[in-house]
Amino acid sequence: MLTEINFDGIIGPSHNYAGLSRGNIASASHAGDVSQPRAAALQGIEKMRHNLALGLPQGFFVPLDRPDAPWLETLGTTLEGAEGHLRAQAWSASSMWAANAATVSPAPDSADGKCHLTVANLVTMPHRSHEWPGTLAQLRLAFADPAFQVHAPVPAPFGDEGAANHMRLCSGHDAAGVEIFVYGVGGGRFPARQHLDASKAIARKHRLDPARTLFIRQSDSAIQGGAFHNDVVAVANEHVLFTHETAFEDREAAHAEIRAAFPAVEIVEVPASAVSLAHAIKSYLFNAQLVTLPDGGGMGLVLPTEAQDTPAVWNWLEAHIAGNGPIRRLLPVDVRQSMANGGGPACLRLRVVADPATVDPRFVADEAKLDRIADIVAAHWPEAIAPGDLASAALANDVRKARSALLAALSLGELD
């Protein structure tokens, strides 16, 4: 039976605040702060527990090998000899944001009846550009069943940042849907990260029906305001599109195109007069998991606690819940360590519609497995990392040992 499984990235032991992501306001504003990798990972595990308790299937991906010494070798340097900005890029734990791992098209949407995943190339950001080989290895392991087709990345220079720029509308997760690829256009002070050519290439590789595939331009104002990915200003689930008024470059044309392709859509739009773009980005209102709750529970919004701390956002949400809108429950989670580095609840997960029996069970979460992961994190993850610590060979060794301990506990030694 096909169902939506959320695969969260386990926050890695090298989690630090280097401010590497240009255009990501939260990341830039916390550059140089002392991070707390252990607390960050435990927060992520608690988010997974929270979703399991809601009755939602949950999976995970493991951190990549960091610091990435082989990547530095391709630049003719070493961890000890690298300039500070290159060393920080080698240490990056940004693979924790699984929404950037790949773009996923479920089997009902593809001509061959397979679930297709294309690993993101992330070439628009140096610190992320070297993630894809490790991510591809995990995807090919987790989704080795013939029910899946896992694709290598779109080649450079066509920037692809994965599911963070992709939405799907459907009558149910197991039904054929309409896939929406959102792309940006460069030219401002902040870069557009998702290229139209990359999105079109993925749609072709996934064998999608052109009549049920849309390409919509993200608004320049959203990108330049700090919405570096579409999922900072819009999220979809089944028949509902939850979006900010400023999400799309041509709002009226985008809404009309979406309604024409999927007439049953319910567009829940938050007006800028009620919640400014700045408040939407600060609170990560839309970087939430809009989920279908089991047993007829309607839809819930798993959102960061920062939304509660932003009065305009919380007031709008409470008014919506009090009315007859499709979102029936507000479900705050504490992911403050991730938020400070620029990623909310939706950044931390990749949605895969599949039969759970076809997924490698080593990547499927339950309470006992999350207990095991939490024990490893508590025993091995650094408590804190300051910017100057990235030059420490001892810390690098400890971080690698921590990851190896996790892989051993999960019987994933082939990724070590």
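The largest cavity holds about 320 Å³ of space in this predicted model, in which local features need pLDDT of at least 70, side-chain atom pairs count only at pLDDT 80 or more, and totals for chains, interfaces and linings use all residues. Residues are numbered from 1 along each chain as its sequence is written, and side-chain values use heavy atoms, with hydrogens and water left out. A cavity is a set of points on a 1 Å grid over the protein atoms alone where a 1.4 Å probe fits but cannot get out, and lining residues have an atom within 4 Å of a point. Grid points are joined across faces, edges and corners, and a volume is the space filled by probe spheres set on the points. Five cavities of 30 Å³ or more are present in the structure.

The lining of the largest cavity comprises 23 residues, with His166, Met167, Arg168, Ala236 and Arg351 nearest its centre. At least two lining residues each come from strands S6 (166-170), S9 and S15 (349-354), and S15 supplies the largest share, five residues. Strands (E, at least two residues) and helices (H or I, at least four) are DSSP runs, numbered from the N terminus. By class, the cavity lining divides into 13 nonpolar, four polar and six charged residues; Ala, Val, Leu, Ile, Met, Phe, Trp, Tyr, Cys and Pro count as nonpolar, Asp, Glu, Lys and Arg as charged, and the others, Gly among them, as polar.

The largest pocket (an open set with protein on both sides within 12 Å along at least five of seven lines) has a volume of about 280 Å³. Of its 16 lining residues, Thr3, Glu4, His173, Glu238 and Thr292 lie nearest the centre. Strands S1 (3-9) and S12 (289-292) are the elements that give two or more residues to this lining, and S1 gives the most, with three. The pocket lining has seven nonpolar, six polar and three charged residues.

Strand S9 also belongs to an open sheet of three strands, ordered S9-S10-S11 with mixed pairing; two strands pair if DSSP finds at least two bridges between them. S9 (234-237) and S11 (266-270) are the edge strands, each pairing on one side only. The twist averages 15° from one strand to the next. S10 (residues 240-244) pairs with S11 in the parallel sense over five bridges, and valine 240 has glutamate 266 in S11 as its bridge partner. Helix H9 (residues 251-261) lies across S10 and S11 and runs at about 160° to S11. Helix H11 (residues 311-322) also lies across S10 and S11, at about 145° to S11.

The axes of helices H2 (residues 37-53) and H13 (residues 367-380) come within 10 Å and cross at roughly 170°. Axes are lines fitted to C-alpha atoms, for helices over the stretch in contact, and angles run from 0 to 180 degrees between N-to-C directions. H2 is therefore roughly antiparallel to H13 (an angle over 145 degrees). In their contact (heavy atoms within 4.5 Å), residues of H2 including Arg38, Leu42 and Ile45 meet residues of H13 including Glu367, Leu370 and Asp371. The contact residues divide into ten nonpolar, no polar and four charged.

The peptide bond from arginine 66 to proline 67 is cis, with omega near 0°, and proline 67 lies in the loop between strand S2 (58-61) and helix H3 (69-74). Alanine 156 and proline 157 are likewise joined by a cis peptide bond, with omega about 10°.

Definitions and conventions:
Angles under 35 degrees count as roughly parallel, over 145 as roughly antiparallel, 65 to 115 as roughly perpendicular and the rest as oblique.
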